[in-house]
Structure formats: structure tokens, C-alpha cells
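The sequence and structure come first.

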Amino acid sequence: MALQEISNSDPPLHVLSPLDHSIPKMYFTFFVSFSLQQPATGLESLRHGIKKLVDTIPFVAYDVVPCHDKLHENVHCIQPPSDATLSGPMLSVRDHSPASVTVLGDTATCTGDEEAKFAEKYASLPTILNSTQSKPALRFVANMMADGIILAVGFNHLVFDGTGVGNILGILSQCCRGAQNLTGLHELDLKLRQQLCLDGLAGRDAWKDFSASYSTESPFTCPPPGQWRTPKASPLIESFRFTVKYRKIRQLKTICSAILTNTSHTRDEMDASPPAYVSSHDVLTSILAVCLRQSQPSTFQKPDYRISFAANLRSRMSPRWPELYLGNMLAMLHVPDSCLADRTDKHRAIIAAHHIGMCSDDLIKITDTAAAIRHEIVSLTDSHIRGLIDHLRLQIDWGGMNIKGGDFSVTSLRHLKVYGFDFGGDLGAVADFRLHVGLLEGLLCVVLPRGRDGDWDIQFMLEKEQFHVLCKHRLFRWLMGERDGLGYCASPLHGTMD
């Protein structure tokens with residue numbers, strides 16, 4: 001595709017931010033289902049809602065194109081599609097009756113090949129598009145089922161992060177209800193994205209070496225050119241979904257916070273001192289990471305195992321970056337084994353572990369890991385974020401700074417309020433949610449949006465053998481809540497485990 005000039009162009013071009021350029025160049029898909037007695041009526045509501053969404057935020061219908069910049073290489077912009085590049089309607093419709101909307105949850109635990117076939121059947125866009133094709137920012141597919149609709153929302157990760165697409169779903173729900181107070185969102189988003197490209201976003205003393213978090217090599221695998229349209233996940237990768245009870249994580253969080261030591265003497269000890277608390281998310285990430293680390297054969301264990309997790313930067317900035325911003329505002333934080341400090345009161349840990357039926361060594365490891373995760377989050381200050389954005393902006397090759405994952409990577413969508421959105425009388429509320437991430441390799445955990453019962457809905461992508469070993473691990477069995485004779489629990493995985 002030919003390069004477009006940034007200025008004096010028609011139609012107008014809007015440069016994507018440095019943070020946008022650090023994200024995997026691929027499409028993800030959110031699936032949301034609606035249980036309906038009259039799917040056809042729900043479809044008409046979606047048609048009207050998506051039309052109003054495009055009228056409200058026109059750039060959701062734009063294309064991503066490479067553009068020329070005098071100071072940087074591999075810069076991308078968004079612009080309205082021309083007649084030549086128009087890649088299809090914003091909303092396509094596919095008939096899958098007599099299949100049920102329950103297929104969304106029933107097939108969430110599957111092999112890599114099954115996941116790829118599900119996406120090919122229901123998704124609006126493939127994970128990777130041919131380099132000669134136009135790259136739409138967003139596309140919808142209404143999959144018509146016998147008892148409702150599965151709406152696929154395929155989005156270009158260069159343009160939106162998960163929070164942004166969650167916001168789009170919220171705005172779409174208002175459009176389907178006929179809301180009128182939606183003006184100014186298009187202009188606000190483009191203005192904010194432009195601000196992230198400006199010089200001087202960071203203070204003079206904010207520079208830092210961010211090489212540990214970004215790489216010139218993409219950590220994700222793309223198919224060869226002959227397979228652009230039908231990317232296949234590795235058959236060795238298992239995708240499985242399970243639910244952890246809210247009260248289980250809340251109990252563990254309370255105990256981990258209680259057994260953290262609170263004494264420090266020197267300045268170095270102050271820097272490594274435990275946080276005042278750990279969150280439920282810290283604890284969940286920690287116990288899953290410890291499970292995976294311990295379940296690996298010793299011959300495959302790396303000397304400095306690294307946990308990585310995506311952090312939403314919006315609330316960490318001062319003043320806070322608007323929550324309704326749709327573009328990428330995330331960074332990966334890393335916790336290697338080498339940075340784990342002794343932050344636990346051993347005596348209290350022994351007592352607490354006995355109380356909950358867990359080995360004290362396991363509880364200590366979980367607590368120290370959760371504290372290290374919390375320490376990384378607390379260190380994510382406004383000056384750090386502005387320094388990061390400025391660091392990315394100053395790179396000559398904007399396409400050469402790729403966000404790094406870890407040996408175990410976690411991203412969370414739990415804060416998305418998808419189950420609370422009201423799409424109006426013809427559609428109602430979302431019945432189920434699923435994420436398709438396609439070609440990502442390695443150990444990936446996605447915390448899905450919080451459901452109405454508050455339990456933790458989790459989707460894992462693991463190698464097949466790791467999946468089976470994990471199911472037998474003592475901590476995972478404890479997490480699933482069925483006690484065995486050793487004080488841990490045994491729980492078979494099947495379906496969504498709800």
C-alpha cells in the first residue's frame with residue numbers, strides 16, 4: 001500500500017500514537033451474545049445502533065494506512081476509506097440457525113485448531129489481513145442463532161485497546177437505546193491521540209531505560225503470506241476457560257495482606273519493603289503464575305522466570321487520562337523471579353496456611369509474588385508513564401518498538417462493564433462474553449469481564465501438556481475448591497466449569 005502524506009491530504013489523516021504503534025499488529029475479536037425470542041427484531045436494533053455509532057464516532061469506520069513522516073519510519077494513520085479501499089459493510093449478517101447462542105460458552109475450552117475454526121466461522125475479521133488489503137479499524141458480524149445473536153466485534157489493535165473496545169460496546173448500547181447525548185466523542189478522542197504524539201509530554205528528568213519492556217522483534221508469530229486469510233493456531237495450544245469463586249480470591253487476598261511484614265530499616269529496605277496491601281487481581285495473577293511455574297518439569301524451568309501483565313495507564317496519570325479514550329493506553333509490567341523479596345512473616349504464614357489447608361511454602365511464595373506485582377504497579381507513576389510515551393515517540397522506527405510479554409503473561413478485562421450494558425428492549429443485556437486472540441504464543445491468561453455474580457472468569461492459552469499437568473497441580477486444585485485428603489482439592493476441568 002502506498003504511503004500517504006500526513007499533511008495537505010484529502011481525506012484527512014490522523015496519526016496513531018506512539019503507544020498505538022507498540023501494540024501487536026493484528027486483529028482481536030470480542031464476542032458478546034444476546035439470548036432473544038425474536039432475533040430478527042434484535043438485528044434491526046443492532047443495524048440502527050451501529051449506524052448511529054458511526055455517525056457519533058466516524059473514525060471507527062476508518063482504515064489504518066501507512067503514512068509518511070519526516071522524522072519517523074513505519075508510521076500509521078487512520079483515514080476514511082475510499083471507494084477503492086472500502087472493505088465491506090460495518091455490519092455483516094450470517095445465518096447459523098438452528099445453532100444456539102450457548103455455543104459461545106460451550107466451546108470455550110478447545111484445541112488450537114478448534115479455536116481457529118470457531119473464529120473463521122463467527123469472527124468479523126481474520127487475525128491477520130493480507131498486506132495488500134485495506135485494514136479497517138473495526139467491523140461487526142451479527143451471527144444469527146435460533147435463540148439469539150452472537151455479535152462479533154473485530155478490532156485492529158493498532159487503533160484500540162481492550163478498554164477502548166469495551167467503551168465502544170457501551171456507546172453502542174446507548175445508540176441501540178436511542179440515547180441523544182453522545183456528541184463530541186469523535187473530536188475528543190482524536191485530540192487526545194494527537195496529544196500523545198507531541199514533543200515535551202514528559203518532564204526533563206523523566207527519562208528512563210525502557211528496553212526491558214520493548215523489543216525491535218515482535219513477540220508474536222504471523223503466518224506466511226500464502227496463509228493470510230486462514231491463520232491457524234498451533235494444534236498444541238489449548239484454550240480453556242474456568243471460573244474461580246469470588247470468595248476464594250477474597251479470602252486469599254485478606255490472608256496475603258495480613259502476613260506481609262511491615263518493618264524496614266534502611267533506605268534499600270524501604271525500596272524493597274512490602275506494599276500496604278495486595279489486591280485480588282495481584283493474588284489471582286500470583287497463584288496462577290506459581291501454579292504454572294511449579295508444574296513445569298525442572299528441565300524446562302528458566303533460571304529467571306518472568307511474569308508480565310498489562311497495566312491500564314489511564315488511571316495512573318495525573319490528571320487522569322479520560323476513561324472514554326478509545327486508543328491504546330497500556331504498558332507491560334514485568335516481575336522476574338530475581339526481584340522477589342522476602343516480604344512475608346513466616347510465623348503468621350504457617351498459622352494462616354494451616355487454617356486454609358495450604359502448604360506454608362506455597363502461601364509464602366504466593367504472597368511474595370503478589371507483593372512484587374503490587375510493587376510494580378505502585379511504581380507506575382505519572383512521570384514514568386510520560387517518560388515512556390516520550391521514549392517511544394523519540395524512536396526513529398515507530399514500528400520497531402514492540403511490547404514484550406513474559407514466560408507467563410496476563411491481561412485483564414475484568415473492569416469492563418459489558419454485563420451491565422443495557423442495549424434496549426429488543427436486545428437487553430449481554431448473556432455471555434468471549435475473547436479470540438488468534439496467533440499469540442506462549443502462556444497467556446485473560447481475565448474476562450466481571451459477571452453478575454462477581455466470580456473470576458478466566459481464559460487460558462497453554463500448551464496441551466501444560467494444560468493437563470496444571471489441572472493436577474495441588475494449588476490449582478485448591479483454587480477450584482474441592483478438598484482432598486491432603487487438604488488440597490481435586491476438580492476436573494470440563495466446559496466452562498461454572
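The model is predicted, so local features need pLDDT of at least 70 and side-chain atom pairs count only at pLDDT 80 or more, while totals for chains, interfaces and linings use all residues. Residues are numbered from 1 along each chain as its sequence is written, and side-chain values use heavy atoms, with hydrogens and water left out.

**Overall content**

The protein has 14 helices and 19 strands; helices (H or I, at least four residues) and strands (E, at least two) are DSSP runs numbered from the N terminus. Of its 498 residues, 56% count as buried. Buried means under 20% relative accessible area, exposed over 50%, and partly exposed in between (1.4 Å probe, protein chains only). Among contacts (heavy atoms within 4.5 Å) with a separation of 6 or more, residues 24 or more positions apart account for 79%.

**Nonpolar cores**

A nonpolar core is a set of buried Ala, Val, Leu, Ile, Met, Phe, Trp, Tyr and Cys residues joined through side-chain atoms within 4.5 Å. The largest one has 75 residues, and L252, L288, F408 and F460 have the most contacts inside it. At least three residues of this core come from each of domain 1 (14-198) and domain 2 (236-265 + 273-418 + 439-480), the bounds being those of an automatic or database domain assignment. Apart from neighbours within four places in sequence, L252 is in contact with V283, I287, I356, M358, L363, I366 and W478. A second, separate core of 61 residues includes I237, L413, Y419 and L448.

**Helix 2**

Helix 2 (residues 39-56) has 18 residues and reaches 25 Å from its first C-alpha to its last, close to the 26 Å expected at 1.5 Å a residue; the expected span is 1.5 Å times one less than the number of residues. Its buried residues are P39, G42, L43, S45, L46, G49, I50, L53 and T56. Seen down the axis of helix 2, they fall within an arc of 160°, so they line one face; the arc is that of the directions from the helix axis to the C-beta atoms. These buried residues pack against strand 6 (91-95), strand 9 (138-145), strand 10 (148-156), helix 5 (162-177) and helix 6 (185-195). The face turned away from the buried side carries the exposed residues A40, H48, K51 and D55.

**Salt bridges**

The structure holds 18 salt bridges, each a side-chain nitrogen of Lys or Arg within 4 Å of a carboxyl oxygen of Asp or Glu. The table lists examples.

| Pair | Closest N and O atoms |
|---|---|
| D282 and R374 | 2.7 Å |
| D342 and K346 | 2.4 Å |
| D382 and R386 | 2.9 Å |

D282 lies in helix 9 (residues 280-295) and R374 in helix 11 (residues 360-378), so the pair ties together parts that are 92 residues apart in sequence. Both D282 and R374 are buried. D342 is exposed at 57% relative accessibility, whereas K346 is partly exposed at 35%. D382 and R386 are four residues apart in helix 12 (residues 382-393), a separation of about one helical turn, and both are buried. Salt bridges that share partners also join D20, D189 and R193 into one network.

**Backbone geometry**

The peptide bond from S97 to P98 is cis, with omega near 15°, and P98 sits in the loop between strand 6 and helix 3 (103-106). The bond from S318 to P319 is also cis, with omega near -5°; P319 lies in the loop between strand 13 (306-312) and strand 14 (330-336). N74, although not a glycine, has a positive phi of about 55°.
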